[in-house]
Structures are given as structure tokens and as C-alpha cells.
Amino acid sequence: MPANPLILLIISGYLARAQSLYPVTICHAYVSSNHLHLIAVVENPYDICNFMKWFKTESAHAINKLLGRRKRTVWCEGYDSPVVLTRKSVINKIVYIYSNPSTDGLEESIDNYPGLSSWQAFVKGKDVESYHPWVRRFMVPEVTGLSLTKISEIAQTLKKSIKAKHLLKITPNAWMECFGVTNEKRKLAINKRIIAMVRENENQMRKERGLSGAKVIGRQKLISRHMDMSYRPNRSGKRMHCISSDIPLRVKFLTEKKAVVAEGRKVSERWKVGDFSVPYPPGLFPPSMPTL
């Protein structure tokens with residue numbers, strides 16, 4: 001997903017539409033060329049599941065249509081959605097996603113990154129609400145072989161003609177309340193610390209590139225390059241249940257989760273023989289009702 005105006009229009013609109021359907025509080029977001037990171041507060045576990053399912057499905061259809069192809073794999077199966085248990089771990093993850101452009105050799109700083117991110121909302125320190133056009137499936141054009149100028153013209157035409165718009169709300173500080181941080185001065189101090197850590201990472205990567213002679217891809221190339229027709233997602237590995245800088249807390253969380261999953265299996269076995277007197281444990285997605 002190059003960071004051209006059409007891709008930005010489609011992806012931002014789909015994120016806004018997903019949020020309007022499934023109320024996930026987005027604190028921080030970063031969209032790279034082949035993956036995205038979200039740090040979110042979730043009240044209902046069904047919402048994040050449905051949010052991701054809708055976004056991945058619709059964006060996959062859009063990307064395939066842009067490339068003039070049908071029913072081709074765009075995203076890896078599933079997604080990694082660990083629960084972040086400590087404030088320190090959240091801070092480290094926020095620093096990680098905003099350091100991505102520099103770490104991956106895309107740009108010197110997140111300030112210059114042309115792709116979608118919540119960085120500007122974050123540095124303002126305020127909630128940001130903006131309406132984004134929803135480019136529905138049948139509106140998505142094929143852009144294979146088109147120049148950046150033509151793609152930009154298509155994006156402008158769509159933007160002006162589309163009436164259906166959805167609100168995308170970024171709430172950078174919402175996660176802090178999960179850890180009892182309500183004082184505005186404390187919130188400001190935490191955000192200043194995060195920005196300083198991002199700058200430190202960017203400076204470190206700049207020094208390393210200077211020593212090796214490597215260069216970043218740069219803003220203009222990220223915008224103007226064509227979509228890679230040959231790219232195939234191949235991420236593999238074990239998904240994480242949680243992220244925690246507090247090891248005892250992590251162990252406690254995993255122990256409790258295993259106990260709940262074991263209880264879910266017991267209930268599922270009772271359902272299979274027609275005993276529906278016991279409800280499925282909260283926090284788990286129940287299986288389909290069995291055919292008796």
C-alpha cells in the first residue's frame with residue numbers, strides 16, 4: 001500500500017467505517033505498506049474481533065480491485081491482539097509504532113512519514129475527530145499502470161463525489177485511564193516522555209545509517225511507487241496472549257486465562273449432549289450451537 005492519495009482515502013475511510021460499526025476506542029494507529037498497528041481500548045471483546053474482520057475483508061476487496069484481480073490473498077490469516085497489562089508496556093509499544101518509519105528505513109522521522117498515522121493527533125495532545133469518505137467496493141477503480149498524477153486526480157474526484165462519510169475519532173490518552181492516570185499534568189508528562197523516546201530512537205537510527213552509508217526510501221518514493229503485484233503475506237509465528245513488563249502479573253493473567261478456557265471446554269462438552277443449563281464463560285467466544 002503506497003502512501004498515495006487514493007490509498008490514504010480508501011484506508012482512512014475503511015477505518016472510520018469500521019469504527020462506526022464497532023465502537024473501538026483508537027488511541028494510536030500506524031499504517032505501513034503491508035501491515036498496521038493499533039493501540040485501542042476495548043469495552044466489548046466482540047467489537048475488536050468484528051472491527052478487524054470488517055476492515056481486513058473490505059480493504060482486501062479494495063486492494064484487489066485496485067490491482068484488477070479477484071479473490072487473491074491480501075492479509076495474513078487472523079491478527080495478533082495481545083492484552084497490554086502494564087503502563088510501561090503500553091508506553092514501549094507506542095514508542096515502537098512511531099519509531100517504525102525510521103527503524104524500517106522508510107523516513108528519517110515519523111514527522112515526514114506520508115502514510116496514515118495518529119502522530120499529529122498525538123503531538124497535539126487532544127482528541128481528534130475527522131470525517132472520511134467511504135469508498136464502497138463498486139467505486140474502487142483499477143489503477144494498474146496509472147501515473148501518480150492520474151491516481152491523485154481519481155482520489156480528488158472520489159473525495160468530492162462521495163456523500164457517505166464516517167467519523168474517525170483518535171483518542172490518544174484514553175489508554176491511560178485504564179491504569180488510573182487521570183491527572184492532566186501526569187498525562188502530559190507521559191506523552192512528553194514518549195516523544196523524547198521516539199526522538200532518541202530516530203537519532204540512533206540516523207547515526208547507524210550514517211555509519212553504514214544506508215539511506216531511507218524517502219517521502220516522495222513512498223508516495224509515488226507502484227503497488228507490488230508479487231507481494232505475498234507470509235507472517236508466521238506464535239501469537240501473544242498478553243504483553244507485560246511485570247512478570248508475576250503476566251503469569252497470573254495466563255493462569256487465569258487457561259482456567260477460563262478449560263471451563264469453556266467443559267461447557268462446550270455439555271452443550272454437545274444437549275445440556276444448555278450452564279452459560280459459556282464471559283470473555284470467550286462461544287462455539288456454534290451443536291446439531292443434536
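**Entry 1: helix 9**

I began with helix 9 and found Leu254, Gly264, Val267, Ser268 and Trp271 buried. Buried means under 20% relative accessible area, exposed means over 50%, and partly exposed lies in between (1.4 Å probe, protein chains only). The model is predicted, so local features need pLDDT of at least 70 and side-chain atom pairs count only at pLDDT 80 or more, while totals for chains, interfaces and linings use all residues. Residues are numbered from 1 along each chain as its sequence is written, and side-chain values use heavy atoms, with hydrogens and water left out.

Helices (H or I, at least four residues) and strands (E, at least two) are DSSP runs, numbered from the N terminus. I looked up what covers the buried residues of helix 9, and the cover includes strand 6 (242-243).

Next I checked the span. Helix 9 has 26 residues and reaches 38 Å from first C-alpha to last. That is close to the 38 Å expected at 1.5 Å a residue. The expected span is 1.5 Å times one less than the number of residues.

Then I looked at the ends. Asp246 caps the N-terminal end of helix 9, with a side-chain oxygen 3.2 Å from the backbone nitrogen of Leu249. Just after helix 9, Gly274 takes a positive phi of about 90°.

**Entry 2: a surface patch**

Phe276 lies in the segment after helix 9 (247-272). Phe276 counts as partly exposed because its relative accessibility is 39%. With Met289 and Leu292, Phe276 forms a nonpolar patch on the surface. Together the three have about 350 Å² of accessible area. Patch residues have over 30% relative accessible area and no salt bridge; like charges are joined within 9 Å, nonpolar side chains (Val, Leu, Ile, Met, Phe, Trp, Tyr) within 5 Å. Areas come from the Shrake-Rupley method with a 1.4 Å probe; for residues, only the protein chains shown count as cover.

**Entry 3: salt bridges**

I counted a salt bridge when a side-chain nitrogen of Lys or Arg is within 4 Å of a carboxyl oxygen of Asp or Glu. The count comes to eleven.

Which side chain does Arg206 meet in a salt bridge? The partner is Glu108, at 3.3 Å, N to O. The pair links distant parts of the chain, 98 residues apart: Arg206 is in helix 7 (residues 184-212), Glu108 in the loop between helix 3 (87-103) and helix 4 (119-124). Glu108, Arg206 and Arg209 are linked in a network of salt bridges.

Lys187 bridges to Glu177, with the closest N and O atoms 3.7 Å apart. This pair is ten residues apart, with Lys187 in helix 7 and Glu177 in helix 6 (residues 174-177). Is Lys187 buried or exposed? Lys187 is buried, because its relative accessible area is 7%. Glu177 is exposed, at 52%.

**Entry 4: His37**

I found His37 in strand 2 (residues 36-41). Its side chain makes a polar contact with the side chain of His35 (3.3 Å). A polar contact is a pair of N or O atoms within 3.5 Å; within protein, one must be able to donate a hydrogen and the other to accept it, and residues adjacent in sequence count only if both atoms are side-chain atoms. Leaving aside neighbours within four places in sequence, His37 is in contact (heavy atoms within 4.5 Å) with His28, Ala29, Tyr30, Tyr96, Ile97 and Asn100.

**Entry 5: the whole protein**

I finished with totals. The protein has nine helices and six strands. Of its 292 residues, 40% count as buried. The C-alpha trace spans about 65 × 45 × 35 Å along its principal axes.
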